[in-house]
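Welcome to a short tour of a protein fold.

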Amino acid sequence: MATQSLIPAGDYRTTYAADTTIFPTAGSRYAVWAGLALLCLAPLVLDRYWLSLLIQIGYFAVAALGLNILVGFTGQISIGHAAFFGFGAFASAWLSNNYGIPVFFAIPLAGIITTAVGLIFGLPAARLKGLYLAIATLAAQYILQDFFARANWFTGGVAGTAADAFSIFGFSFDTDHRYFYVVLAYLVLTFVLATNLMRSRDGRALVAVRDHYLSAEMMGINLTRYRTLSFGLSAFFAGIGGALYGHYLQFVSVEGFGILLSIQFLGMIIIGGLGSIMGTLMGTAFMVLVPEAMGWLTDAVRGSALDRALALKDNLSFLREMAIGLVIVLFLMFEPDGLAHRWRQIKAYWKLYPFSH
């Protein structure tokens, strides 16, 4: 129990609102506010390279949050999440380019359109499970990829399409220092939304479907409805994340939404922790920073005695790709509950120290 909650002994909650509060302790509340304050100061002290990494973590975390709702909270499986991520990017660019809708409104509208597409694919998938569901989502990945390549009116075809910069009242967020605040705002909004969703009746129903679908059905929970709903929610967050991605790069291309990106999304939630809101952000940060760390390592090793002794030469460039797969395997073996579980254990240890046995 100590690893699940840091509420002091004897602190009993007497109301439903108190029992479901987002911040169970004052320390957690202050830590979150302090973290947000530091992030708001980041553009003042960090250069474009580090801001670019933080922006990547932001829009990938929003999309990975949707996948965690589907996989971690509902117990479904999807290996086609990148296709919905790409659909959100193309939809937002299409709305702003063809209908003159401001990007401020195009991003949430892209999320809604992507939700509709997710529900379409979710209806047949809601009656499948296991390997059959995985194949169905893989089919969705390739169907949407083919659609991206052929629908010139929507995506620009294989040539891609331009996306306008985010702007409000004529003020353009066209630099990393400015766009960082846009991504941060959407990140906070979506994570608060998901946290509140999981504390609602529908959120608890999704968890019940995951834990024991037969018991959930006996309690009156409509399995088909909530499984389909989970696909829609997953697509919504993927669409928002994809729209943020497209307007950050200001160009959207078909090649960026392949099966490899879907595997990376799965890696984010596995490493962070399935069924954990905070773990989604931790796993995304880990997956974004590990390739960069491997890049620094390969630069340090290149031309050294170790490089010459092992005759690595050009093979060093493949270490970044190998590291991602290796990290996923190691986490599945040694930390299957993810970084969020380890973080809870660390907090519980110091909370009870020196009596942490």
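Let us begin with a pair of helices: the axes of helix α5 (residues 103-125) and helix α11 (residues 223-249) come within 7 Å and cross at roughly 145 degrees. Please keep in mind that this is a predicted model. The protein chain has 16 helices and four strands, and 45% of its 357 residues count as buried.

**The chain as a whole**

**Where α5 meets α11**

- Two packed helices are described by the angle between their axes and the distance between the axes.
- The crossing of α5 and α11 is right-handed.
- The residues in the contact of α5 with α11 are made up of 14 nonpolar, nine polar and no charged ones.

**Helix α6, with one buried face**

- Helix α6 covers residues 131-150, and its 20 residues should span 28 Å at 1.5 Å a residue; the end C-alpha atoms are 29 Å apart, which agrees.
- Which residues of α6 are buried? They are L133, A134, T137, A140, Q141, L144, Q145 and F148.
- Looking down the axis of α6, you would find these buried residues within an arc of 125 degrees, so they line one face of the helix.
- Exposed residues sit on the other side of α6, and they are L131, Y132 and R150.
- What do the buried residues of α6 pack against? Their partners are α4 (81-98), α5, α7 (152-155), α11 and α12.

**Helix α16, towards the end of the helix numbering**

- Helix α16 (residues 338-352) has 15 residues and reaches 22 Å from its first C-alpha to its last, close to the 21 Å expected at 1.5 Å a residue.
- G338, A340, H341 and A348 are the buried residues of α16.
- Among the elements covering the buried residues of α16 are α12 (259-272) and α13 (277-301).

**Around strand β2**

- F166 lies in strand β2, and with a relative accessibility of 3% it counts as buried.
- Leaving aside residues up to four places away in sequence, F166 touches V103, F104, I107, F171, S172, F173, Y179, V182 and Y186.
- F166 and F105 are 61 residues apart in sequence, and their C-alpha atoms are 10.0 Å apart in space.
- D164 lies in the loop between β1 (161-162) and β2, and this residue is partly exposed, with a relative accessible area of 37%.
- The contacts of D164, again without residues up to four places away in sequence, are S96, N97, V103 and H247.
- One of these contacts, V103, is 61 residues from D164 along the chain, with the two C-alpha atoms separated by 7.2 Å.
- V103 is touched by F166 and also by D164.

**A loop between two helices**

- Where is R127 found? This residue is in the loop between α5 and α6.
- Is R127 buried or exposed? R127 counts as exposed, at 69% relative accessibility.
- R127 and T224 are 97 residues apart along the chain, while their C-alpha atoms are separated by 6.8 Å.

**Two residues with positive phi**

- F169 is not a glycine, although its phi is positive, at about 50 degrees.
- F169 has its place in the loop between β2 (166-168) and β3 (171-173), and at 87% relative accessibility it counts as exposed.
- Q250 is a residue other than glycine too, and its phi is positive, near 60 degrees.
- You will find Q250 in the loop between α11 and β4 (251-252).
- Q250 is partly exposed, as its relative accessible area is 32%.

How values were computed:
Residues numbered from 1 in each chain as written. Predicted model: local features only at pLDDT ≥ 70, side-chain atom pairs only at ≥ 80, totals over all residues. Heavy atoms only, no water. Expected span 1.5 Å × (residues − 1). Buried < 20%, exposed > 50% of the residue type's maximum accessible area, 1.4 Å probe, protein only. Contact = heavy atoms within 4.5 Å. Axes fitted to C-alpha atoms, helices over the stretch in contact; angles between N-to-C directions. Left-handed = near helix turned anticlockwise from the far one by under 90°. Nonpolar A, V, L, I, M, F, W, Y, C, P; charged D, E, K, R; others polar. Arc of directions from axis to C-beta.
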